[in-house]
Amino acid sequence: MRRYIFRFLFLVLVFLPLSLQAQEDSVGMSRFDRRVNHIRRYWASLIPTQFVVQNAGNMGLLSVGTGWAYGKRGQWETQILWGFIPKYNSTHAHLTNTVKENYIPWSISFNDWLALEPLEASVYLNTVYGHEFWRSQPRRYPDKYYQALSTKFRINVALGQRLTFNLNPEKYHCRSISLFYEVSSCDLYIRSLMQGTDISFWDIIGLSVGVKMVVL
């Protein structure tokens with residue numbers, strides 16, 4: 001059942017918001033032209049408009065991905081990232097996959113080429129590939145040993161800021177480059193803090209940094 005819930009959330013986060021971009025003023029167009037234009041706009045909206053590189057954030061040592069911006073001011077973003085976790089003390093390295101939703105309520109422009117986005121709020125679902133991570137508790141553990149918490153999926157929340165440099169796309173082949181940082185935590189850490197275990201607030205949060213490049 002949980003697998004179908006995650007699939008539904010993935011479809012909502014990725015495909016439903018993108019369909020909102022398929023709206024355009026159709027005054028003076030025939031019904032056929034409007035339909036053709038609508039289809040073209042819809043498929044064009046599926047083309048990623050940004051590329052992201054991020055360090056940490058419970059997504060791996062390094063994650064790379066792509067995303068889309070939408071909304072009247074481009075204040076909503078949906079991103080899909082793939083990360084890498086070195087083996088460290090494990091037998092081998094692991095890959096991660098993340099579906100991330102960002103909300104940027106406002107932007108402060110200092111001039112034509114520099115802007116600050118003082119608040120970015122994010123929620124994202126992360127999974128780790130590997131047989132060591134499971135959706136439901138294996139039978140080798142006593143009943144409810146892990147209290148039904150999956151080790152394969154984590155729900156994360158984050159707050160951060162961005163500094164954006166607007167560029168000439170004809171010269172640099174991209175519209176802007178943003179440097180950002182995020183302070184994040186996941187459901188497992190927050191739950192441990194709420195249960196009153198021997199951890200503090202500062203133990204459950206992590207810092208991540210990254211770069212976003214907008215190409216379209």
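Which residues line the largest cavity? I began there, after noting what kind of model this is.

The model is predicted, so I kept to its limits: local features need pLDDT of at least 70, side-chain atom pairs count only at pLDDT 80 or more, and totals for chains, interfaces and linings use all residues. Residues are numbered from 1 along each chain as its sequence is written, and side-chain values use heavy atoms, with hydrogens and water left out.

**Cavity.** I searched the whole structure and found 1 cavity of 30 Å³ or more. A cavity here is a set of points, on a 1 Å grid over the protein atoms alone, where a 1.4 Å probe fits but cannot get out; lining residues have an atom within 4 Å of a point. A volume is the space filled by probe spheres set on the points, which are joined across faces, edges and corners. I read about 40 Å³ for the largest cavity. Its lining consists of Val52, Gln54, Gln79, Lys100, Asn102, Glu120, Arg162, Phe180, Glu182 and Lys212. I sorted these into 2 nonpolar, 3 polar and 5 charged (Ala, Val, Leu, Ile, Met, Phe, Trp, Tyr, Cys and Pro count as nonpolar, Asp, Glu, Lys and Arg as charged, the others, Gly among them, as polar).

**Cysteines.** I counted 0 disulfides, taking a disulfide as a pair of cysteine sulfur atoms within 2.5 Å. Cys174 is buried at a relative accessible area of 3%, and Cys186 is buried at 2%. Buried means under 20% relative accessible area, with a 1.4 Å probe and protein chains only.

**Ile80.** I found Ile80 buried too, at 9%. Its C-alpha atom is 5.4 Å from that of Gly65, 15 residues apart along the chain.

Note on methods:
1 Å grid on protein atoms, 1.4 Å probe; cavity = no way out; pocket = protein on both sides within 12 Å on 5 of 7 lines; lining within 4 Å. Buried < 20%, exposed > 50% of the residue type's maximum accessible area, 1.4 Å probe, protein only.
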